[in-house]
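Subject: Handing over a structure

Dear colleague,

Here is the structure I promised to pass on to you. Please open it beside this message, and my notes follow below.

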Amino acid sequence: MKFLALATVVSTASAFLAPVPMHTRTQGRMYMADQAPVDEEERSIALPFAAKPQNLNGELAGDVGFDPFKFSDKGDVAKFRVAELKHGRVAMLAVIGVFVQELYQWNENFPSKNFLEALKTAPALGLLQLFVFLGAYDVTTSKFEGRVPGDIGFDPLRLSADGLRENWQVAELKHGRLAMIAFLAFVVQASISDKPILEQTFEWAKSFA
């Protein structure tokens with residue numbers, strides 16, 4: 001009889017206690033009772049099947065967590081962004097130069113429409129000027145403290161006078177990346193074929209007509 005009375009008191013008191021949530025772990029996820037699964041590890045936007053890189057926190061424009069080789073774990077992300085933008089800008093100029101060389105030959109020193117052949121026939125002084133310009137650009141901008149990584153204070157049209165627009169930063173980054181890939185493809189294409197880029201591209205397009 002005493003045991004029955006004690007059990008009744010305990011069961012009555014337990015009705016006023018909050019239930020303890022149940023935790024289970026499955027494949028790196030934590031589940032709580034009556035709740036949806038919660039990811040313990042944030043996923044990359046670019047690679048949803050992989051974890052988000054720790055040093056890519058989304059502060060830089062265009063950061064979507066794409067770093068399959070873990071470069072961001074081995075150095076300064078801001079310096080990597082500066083280097084990427086510089087290479088992208090040079091690549092965009094190089095792509096334009098490839099098309100200009102094919103459409104217009106400056107003088108007898110550049111008789112070929114193939115830009116690789118044009119480099120072989122270019123005067124030594126002209127190539128020296130090119131390397132001096134690129135070196136001066138790199139030295140003069142290396143210590144410039146811009147508003148964001150890659151800002152070198154060059155804005156003759158004053159497009160950023162009211163602030164840097166993130167969508168323009170992302171556009172420049174994407175165009176630079178595409179130009180680097182395109183110029184590499186141009187080098188391969190010009191090495192395999194003697195025909196210039198545009199001429200060969202149009203001939204390839206006509207074959208499908």
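Before the notes, one term is needed: a cavity is a set of grid points where a 1.4 Å probe fits but cannot get out, and its lining residues are those that have an atom within 4 Å of such a point. Please also keep in mind that this is a predicted model.

With that term in hand, the structure holds one cavity of 30 Å³ or more, and the space in the largest cavity comes to about 40 Å³. Its lining is made up of Glu84, Leu85, Gly88, Arg89, Met92, Glu172, Leu173, Gly176 and Arg177. Two elements, helix H2 (77-103) and helix H5 (166-192), each give two or more residues to this lining, and H2 gives the most, with five residues. Sorted by class, the lining has four charged, three nonpolar and two polar residues.

Histidine 87 is placed in helix H2, and it counts as exposed because its relative accessibility is 51%, where exposed means over 50%. Glutamine 189 lies in helix H5 and, when its neighbours within four places in sequence are left aside, glutamine 189 is in contact with Ile197, Gln200 and Thr201.

With best wishes

Key:
Residues numbered from 1 in each chain as written. Predicted model: local features only at pLDDT ≥ 70, side-chain atom pairs only at ≥ 80, totals over all residues. Heavy atoms only, no water. 1 Å grid on protein atoms, 1.4 Å probe; cavity = no way out; pocket = protein on both sides within 12 Å on 5 of 7 lines; lining within 4 Å. Points joined across faces, edges and corners; volume = space filled by probe spheres on them. Helix = DSSP H or I, 4+ residues; strand = E, 2+ residues; numbered from the N terminus. Nonpolar A, V, L, I, M, F, W, Y, C, P; charged D, E, K, R; others polar. Buried < 20%, exposed > 50% of the residue type's maximum accessible area, 1.4 Å probe, protein only. Contact = heavy atoms within 4.5 Å.
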